[in-house]
Amino acid sequence: MAFYPYNSAYPYYTKKIALHKALGRLTYYLFPFIIIFLLLMEKSLYQQLELTHSSHQNNLAGLFAPFSNTLPFALFYLLALKYKKNVGVHARYMVGTGLMLLSSALWRIFNRWFNLDIGSSFEYALFITLFVILALIIYDRLKGIRIKNNPFTLIAIIHLVTNV
């Protein structure tokens, strides 16, 4: 499900619009479960941190990192639904949902696979995600889409506000 925006875009670009719409309607039912499971995972993470006997303040800080991507994920999905008739805006907000999932995945990869501390993992994930968003803004600008009207600009701002 993490790659839903891309799985759903494929039928659209191959002119299988009915399949794209069917997958989109399916998310109306799946999305609440995704949010519930993300929140349950975050609760589980917090409970695991509490068992480590580290300070309560550090445990809450460890919980903030994944939660800071859950809210934007939900917001970008809802904005994509709002703009489902405007294909370009809709697609960009769906890419935004994928970028929030990418950021969370990168944070965990750096922390668990590369044994980096939580702060460094979080900073690297933030930097890479913002770099991708900036690249998408530049690409759109080269295609003639004004930065002011670009959903990726809002995605970058929200990602910065929730993660800095």
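This is a predicted model: local features need pLDDT of at least 70, side-chain atom pairs count only at pLDDT 80 or more; totals for chains, interfaces and linings use all residues.
**Entry 1: His 159**

I started with His 159 and found it in helix α6, which covers residues 151–163. Is His 159 buried or exposed? Its relative accessible area is 0%, so I noted it as buried, the cut-off being under 20%. Leaving aside residues up to four places away in sequence, I listed what His 159 touches: Asn 69, Met 100, Ser 103, Leu 126, Thr 129, Leu 130 and Ile 133.

**Entry 2: α5 against α6**

Next I looked at how helix α5 (residues 118–142) packs with α6: the angle is about 165° and the axes are 9 Å apart. Angles over 145 degrees count as roughly antiparallel, so that is how I described α5 relative to α6. I also wrote down that their crossing is left-handed. Which residues make the contact? From α5 they include Leu 126, Thr 129, Leu 130 and Ile 133, and on the α6 side His 159 is one of them, along with Phe 152 and Leu 160. I sorted the residues of this contact into ten nonpolar, four polar and one charged.

**Entry 3: aromatic rings**

Then I turned to the rings, and a search of the whole structure gave six aromatic pairs. For Phe 76 and Tyr 93, the ring centres are 6.4 Å apart and the planes stand at 20°, so I called the pair stacked. Phe 76 belongs to helix α3 (residues 56–82) and Tyr 93 to helix α4 (residues 87–113), so the pair ties together parts 17 residues apart in sequence. Both partners went down as buried: Phe 76 has a relative accessible area of 0%, and Tyr 93 is at 6%.

How values were computed
Residues are numbered from 1 along each chain as its sequence is written. Side-chain values use heavy atoms; hydrogens and water are left out. Helices (H or I, at least four residues) and strands (E, at least two) are DSSP runs, numbered from the N terminus. Buried means under 20% relative accessible area, exposed over 50%, partly exposed in between (1.4 Å probe, protein chains only). Contact means heavy atoms within 4.5 Å. Axes are lines fitted to C-alpha atoms, for helices over the stretch in contact, and angles run from 0 to 180 degrees between N-to-C directions. Angles under 35 degrees count as roughly parallel, over 145 as roughly antiparallel, 65 to 115 as roughly perpendicular and the rest as oblique. A crossing is left-handed if the near helix is turned anticlockwise from the far one by less than a right angle, and right-handed if clockwise. Ala, Val, Leu, Ile, Met, Phe, Trp, Tyr, Cys and Pro count as nonpolar, Asp, Glu, Lys and Arg as charged, and the others, Gly among them, as polar. Rings of Phe, Tyr and Trp (its six-membered ring) pair if their centres lie within 6.5 Å; planes under 30 degrees apart count as stacked, over 60 as edge-to-face and the rest as tilted.
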